[in-house]
Amino acid sequence: MSLLYSGPSPAVLHEEYAARGRVDPDAQLISSSHLVVDVAADRVWEVMADLRAWPSWASRIRITELGEVRPGASFRWRLNGVPLRSRFAVVEPARELTWTGTFLGRYRAVDRHVLESLEDGGTRITVEESLAGPLLPLFYREPMLRANHERWLSDLARAVA
């Protein structure tokens, strides 16, 4: 993958990828992690979709601007101090929360959070993300992205317990 790859435009990334439950398969970084919790998907959704409460349980996250949690709505937040502008693409209660985001003006991401109800009453939570932008692999790598996802999953599991 080219160091200069920036991926599809934000509009295409949102409509053709995120809104259709896909990440950018050509992005420089793609990561997926999952965790199974002994909690029903409705409870996981209740916590996960309450972005205003994220800073109370999620490491290194701060919400700076938020309206409704619905497809097309925008929100602003900080992750590890980095300001992000995001827009919800999929909001399906107890199933999926997906958004697109940009940071530093040139980097683009699709973040998918998928809930799968299990027969035993638990929930498999999967976080999948694609991330692209100029020179990205020089300062950010897949293990760092995966570590952020695993921290998020761990924090979420504690919050829903």
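In which strand is the place of Leu84? Leu84 sits in strand E4. The model described here is a predicted one. The structure holds 11 aromatic pairs, its largest pocket has a volume of about 530 Å³, and a search of the whole structure finds one cavity of 30 Å³ or more.

**Aromatic pairs**

- The structure contains 11 aromatic pairs. One of them joins Phe75 and Phe88, whose ring centres are 4.5 Å apart and whose planes meet at 25°, so this pair is stacked.
- Phe75 belongs to strand E3 (residues 74-79) and Phe88 to strand E4 (residues 82-92). The two residues are 13 residues apart, and their pair links distant parts of the chain.
- Phe75 has a relative accessibility of 1% and therefore counts as buried. Phe88, at 0% relative accessibility, counts as buried as well.
- The rings of Trp77 and Trp99 have planes at 90° and centres 5.9 Å apart, so the pair is edge-to-face.
- Trp77 lies in strand E3 and Trp99 in strand E5 (residues 96-103), 22 residues apart, so that pair also links distant parts of the chain. Both Trp77 and Trp99 are buried.
- One aromatic cluster is formed by Trp54, Trp57, Phe75, Trp77, Phe88, Trp99 and Trp152. The members of the stacked pair, Phe75 and Phe88, therefore belong to one cluster with Trp77 and Trp99.

**A charge over a ring**

- Arg22 lies over the face of Tyr17. The distance from the ring centre is 4.5 Å.

**The largest pocket**

- About 530 Å³ is the volume of the largest pocket. Its lining consists of 30 residues, and the closest to the pocket centre are Leu79, Asn80, Glu129, Tyr140 and Asn148.
- Two or more lining residues come from each of E3, E4, E5, strand E6 (107-117), strand E7 (123-132), helix H4 (136-139) and helix H5 (142-160).
- Which element gives the most to this lining? H5 does, with six residues.
- Sorted by class, the lining of the largest pocket has 17 nonpolar, eight polar and five charged residues.

**The second largest pocket**

- The second largest pocket holds about 200 Å³ of space. It is lined by 14 residues, and Arg85, Ser86, Arg87, Thr100 and Thr102 are the closest to its centre.
- At least two residues of this lining come from each of H1, E3, E4 and E5.
- By class, three nonpolar, six polar and five charged residues line the second largest pocket.

**The cavity**

- Rolling a probe the size of a water molecule over the atoms shows where empty space is left.
- One cavity of 30 Å³ or more is found in the whole structure. The largest cavity has about 40 Å³ of space.
- The residues that line the largest cavity are Ser6, Gly7, Pro8, Leu13, Asp24, Ala27, Arg108, Ser130, Leu131 and Ala132.
- E7 supplies the largest share of this lining, three residues.
- In terms of class, the lining of the largest cavity has five nonpolar, three polar and two charged residues.

**Single residues and their contacts**

- Leu84, in strand E4, has a relative accessibility of 13% and so counts as buried. Leu84 and Thr102 are 18 residues apart in sequence, while their C-alpha atoms are 5.8 Å apart in space. Thr102 is also among the residues closest to the centre of the second largest pocket.
- His14 is found in helix H1. With a relative accessible area of 3%, His14 is buried. The side chain of His14 makes a polar contact with the side chain of Thr100, at 2.9 Å. Thr100 is another of the residues closest to the centre of the second largest pocket.
- Is Gln28 buried or exposed? Gln28 has a relative accessibility of 13%, under the 20% cut-off, so Gln28 counts as buried. Gln28 is placed in the loop between helix H1 (10-17) and strand E1 (29-37), and the side chain of Gln28 reaches the backbone nitrogen of Gly133 at 2.8 Å.

Definitions and conventions:
Residues are numbered from 1 along each chain as its sequence is written. This is a predicted model: local features need pLDDT of at least 70, side-chain atom pairs count only at pLDDT 80 or more; totals for chains, interfaces and linings use all residues. Side-chain values use heavy atoms; hydrogens and water are left out. Rings of Phe, Tyr and Trp (its six-membered ring) pair if their centres lie within 6.5 Å; planes under 30 degrees apart count as stacked, over 60 as edge-to-face and the rest as tilted. Helices (H or I, at least four residues) and strands (E, at least two) are DSSP runs, numbered from the N terminus. Buried means under 20% relative accessible area, exposed over 50%, partly exposed in between (1.4 Å probe, protein chains only). A charge sits over a ring if NZ of Lys or CZ of Arg is within 6 Å of the ring centre and within 35 degrees of the ring normal. A polar contact is a pair of N or O atoms within 3.5 Å; within protein, one must be able to donate a hydrogen and the other to accept it, and residues adjacent in sequence count only if both atoms are side-chain atoms. On a 1 Å grid over the protein atoms alone, a cavity is a set of points where a 1.4 Å probe fits but cannot get out, and a pocket is an open set with protein on both sides within 12 Å along at least five of seven lines; lining residues have an atom within 4 Å of a point. Grid points are joined across faces, edges and corners, and a volume is the space filled by probe spheres set on the points. Ala, Val, Leu, Ile, Met, Phe, Trp, Tyr, Cys and Pro count as nonpolar, Asp, Glu, Lys and Arg as charged, and the others, Gly among them, as polar.
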